[in-house]
Amino acid sequence: MKTLKALSALLTYPSRDLALAVPEIHDVLREEGVLALPQREALEPLLSILAIEDVYGLQERYGLLFDRTRSLSLHLFEHVHGESRDRGQAMVDLKALYEAGGFDIDCTELPDYVPLFLEYCSLRPQDEARQLLAEPAHVLAAIGERLRKKDSAYAAVFEALVAIAAEKPTAQALDAVVPDTGDDPTDLRALDAAWEEEEVRFGLGSAAECGVDSLAAKVRQARRPAPGIEVPAGHPARTVFTHVSSGA
């Protein structure tokens, strides 16, 4: 699904190459027709901003939004597991899913990075891609709503992703998302304190090692839903996108 590849590109760090790609992204969204006209029109402000505004200003605003505001993190498991130990296993499971689908990622990329997840989904059959998107739809919806409250043009990307998902998030699933703490991206001291946590490792070696061979042996059935959230019969268990408290 080229539309997901296009939306993935829109969520990457602004650059001159991205600005040059805006016309192509615009054409893909229109020609593939996955998104309805109102959803495509909602993306126009972001497309225009990325195409014409100063790249350094765009990069600064991007950093404030996604890198320095934890409640807007582009890492999915940040919103469902927080600092829980379940987060590491969920990373392993998601990376194993990518590998099973023949999708290799760089050692430096975290598997739950939204643009990376969307790139993987874009390579799957359309029905499967929609179902994959449905699993973290509650996270995507929550981020989109937080961006909308900040009057950010990026909100339209997340609204489009929720529209593409096979199922819309329930109120119960939305309640399972880690709450918005109202963090201030300009408070550098508070930011440093908030992000102090153990390094996430995926293999048995050092942080610089991928541990690909050991991943397959380490993957286990850790795909349990949050308490009170039922998984529909026949729904494929893949990754853990539901919140589990650290004391669970």
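Is Aspartate 151 buried or exposed? In this predicted model, in which local features need pLDDT of at least 70, side-chain atom pairs count only at pLDDT 80 or more, and totals for chains, interfaces and linings use all residues, Aspartate 151 is exposed, with a relative accessible area of 72%; here exposed stands for over 50% relative accessible area, buried for under 20%, and partly exposed for values in between, with a 1.4 Å probe and protein chains only. Residues are numbered from 1 along each chain as its sequence is written, and side-chain values use heavy atoms, with hydrogens and water left out.

The secondary structure of the protein consists of twelve helices and zero strands, where helices (H or I, at least four residues) and strands (E, at least two) are DSSP runs numbered from the N terminus. Aspartate 151 is found in the loop that lies between helix H8 (137-149) and helix H9 (155-164), and its phi is positive, at about 55°, although the residue is not a glycine. Most residues other than glycine have a negative phi.

Of the 248 residues of the protein, 45% count as buried, and the protein exposes about 12,700 Å², of which carbon and sulfur atoms supply 51%, the areas coming from the Shrake-Rupley method with a 1.4 Å probe and, for residues, only the protein chains shown counting as cover. In helix H1 (residues 2-10), the buried residues are Thr3, Leu4, Ala6, Leu7, Ser8 and Leu10, and their cover includes helix H2 (16-32), helix H3 (37-52), helix H6 (114-122), helix H7 (126-134) and H9. Among contacts (heavy atoms within 4.5 Å) in the protein between residues at least 6 apart in sequence, 68% join residues at least 24 apart.
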